Amino acid sequence: MLKTSQKKPEKLIDENDVRLDGRKLNEVRPVKIEVGVLGNADGSAYIEQGKNKILAAVYGPKEVHPKHLALPDRAVLRCRYHMAPFSVEERKSPAPSRRELELSKVIRESLEPSIFTEYYPRTSIDLFIEVLQADGGTRCAGITVASVALADAGIPMRDLVSACAAGKVEGRIVLDLTDVEDKAGEADMPLAYMPNANAITLLQMDGMLTSEEFEQVVNLALDGCKQVGQIQKEALRAKYVVAKEAEAEKEEAEEGEE
Amino acid sequence: MSSIMASRVRQKRIAQLISHGKRLDGRGLTDYREVQVEAGLIERAEGSARVRLGKTEVLVGVKFEMGEPFPDVPNEGVLTVNAELVPLASPTFEPGPPDENSIELARVVDRGVRESKAIALEELCIEPGKKTFIVFVDVYVLNHDGNLIDASCLAALAALLNTKMFNYEVKEGEVKIKPGYKPLPLRNYPVAVTFAKINDKLVVDPWLEEEQVMDARLTMTVEKDGKICAIQKGGYGYFTAEQVFEASKIARQKAEEQRKLVVKE
């Protein structure tokens, strides 16, 4: 077993309230989303959030196998969150861990409220999230990218789901924790949000928070979700609106030639 | 044969009553069912407790094993929580490897105990980096009538309070168990409080039929000083921020009531 990791730094937040990666306390890591990155999937997207690199793919709505899992009144959403063996410091066995099984469940439950599953009875919508590189907050980035992939698949949705964690590190309330901050910090609270319905669809927490801190952390996480939501929309616009405009321009130019 | 699902008429009635602030079993929206706690009924286990929450019944056993500490915390003992949804507890439980529901249950119980630092794990270490006690907390669901999380967390806490540790001495690198026991060193007492959202209202301690009607579920685990130490949302619905804040206030109050049933100080 190779150990390349450096020793944990003594301070995660310096005297000027700057974090190890240069961010302010209430700042999200740089987020980059690409839409439609996989050839075979009905919808797909890729996200980079700091050092997190995650792919999401959607297949469906399609026939359910095995058949007995089909629901008469709506589609079943199935979700697999999985981490690549090379995505973390110490190689992770590719077999699904208990953590991955729990996350698959909570991610599914965070996205299902956004989908009009009743439009597609007796079908399944299969969602795959592959974490290629992890640096804390992968379930949130996974939800964010999965929601974009669902939109890319053309599945009717009430709203995009955006997710972001907030927590407490060295006594301070901070947004979007990295792996080091999560491990050394006092609390981490992943949260997913649908802004149009004012709906929190994922909420988990481990650590210790007083009730005042709890309210601060929830509000900060909601703020992070809204920031992430903007980037999701821009990514979808970049693929669909910009592409449509380019197409229209091309047509106009062709008409002009005639 | 008992049916698994409440009838549509009954489901509708449950939801209607709740929007009027009432419940089918006569409880108020923030009332728990009757709780019975019995500790120490499994002699072979180092600690055990059975909790009955209405008709929900959960047995928790604590066992010790000797093993290696984790490399990142070489001078701490190891805590492992597992949950079994035993097929005799419900017609919906199937034998086989743990499914996502039992894994979620175990991980929520684990989070409460771990994050509140309930067990003084550093006192379980025998030889830093080499040998330590591993505490196995096994949650055994015996009858499922809703709200397994709160029943399991309470039973786990009662079982840990009931747990006896070996006296031992280390001689020439060998661990010798000596006669006599001491209590497991505990520092905190986490208690989980679970809400169901039905017709946009929060209800505490949902029973099985309410769980079938609920839109979403929210668990808040509260430690002895009233801090929140774990949260888990479940189900296909959602909560508003206001509902989450309301839940955290109710949870603090309810956790204290529930804690008194188990922790006698």
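**Figure 1. How much of chain B is buried?** Of the 265 residues in chain B of this predicted model, 43% are buried, where buried means that 20 or more other C-beta atoms, placed from the backbone, lie within 10 Å of a residue's own. Residues are numbered from 1 along each chain as its sequence is written, and chains are lettered from A in the order in which they are written. Because the model is predicted, local features need pLDDT of at least 70 and side-chain atom pairs count only at pLDDT 80 or more, while totals for chains, interfaces and linings use all residues. Chain B holds 5 helices and 12 strands; these are DSSP runs numbered from the N terminus, with at least four residues (H or I) for a helix and at least two (E) for a strand. Along its principal axes, the C-alpha trace of chain B spans about 70 × 40 × 35 Å.

Figure 2. Of the 258 residues in chain A, 45% count as buried. The C-alpha atoms of chain A fill a box of roughly 65 × 55 × 40 Å along the principal axes.

**Figure 3. Where the two chains meet.** In this view, 27 residues of chain B are in contact with 29 residues of chain A, contact meaning that the C-beta atoms, placed from the backbone, lie within 7 Å. On the chain B side, α2 (100-115), β12 (228-234) and α5 (241-262) each supply at least two residues. The largest share, 7 residues, comes from β12(B). Strand β9 (residues 199-209) of chain A and β12(B) pair in the antiparallel sense over 4 bridges; strands pair if DSSP finds at least two bridges between them. Which residue of β12(B) is the bridge partner of A:Met205? Look for B:Ile231.

**Figure 4. A close look at helix α5(B).** This helix has 22 residues and reaches 31 Å from its first C-alpha to its last, close to the 32 Å expected; the expected span is 1.5 Å times one less than the number of residues. Among the buried residues of α5(B) are B:Val244, B:Ala247, B:Ala251 and B:Val262.

**Figure 5. Inside the largest nonpolar core.** The core contains 138 residues, and those touching the most other members are A:Ala56, A:Val145, A:Leu191, B:Val139, B:Ala155 and B:Ala156. A nonpolar core is a set of buried Ala, Val, Leu, Ile, Met, Phe, Trp, Tyr and Cys residues joined through C-beta atoms within 7 Å. Helix α3 (residues 148-161) of chain B gives the most to this core, with 12 residues. Not counting residues up to four places away in sequence, A:Val145 touches A:Ile33, A:Ala45, A:Tyr46, A:Ile47, A:Ile54 and A:Ala56.

**Figure 6. A hairpin in chain A.** Strands β6 (residues 162-169) and β7 (residues 172-175) of chain A pair in the antiparallel sense over 4 bridges. In β7(A), A:Ile173 is the bridge partner of A:Lys168. The hairpin has 2 residues between the strands, and A:Glu170 takes a positive phi near 45°.

Conventions. A residue is buried if 20 or more other C-beta atoms lie within 10 Å of its own, exposed if 12 or fewer, and partly exposed in between; C-beta atoms are placed from the backbone. Two residues are in contact if their C-beta atoms, placed from the backbone, lie within 7 Å.
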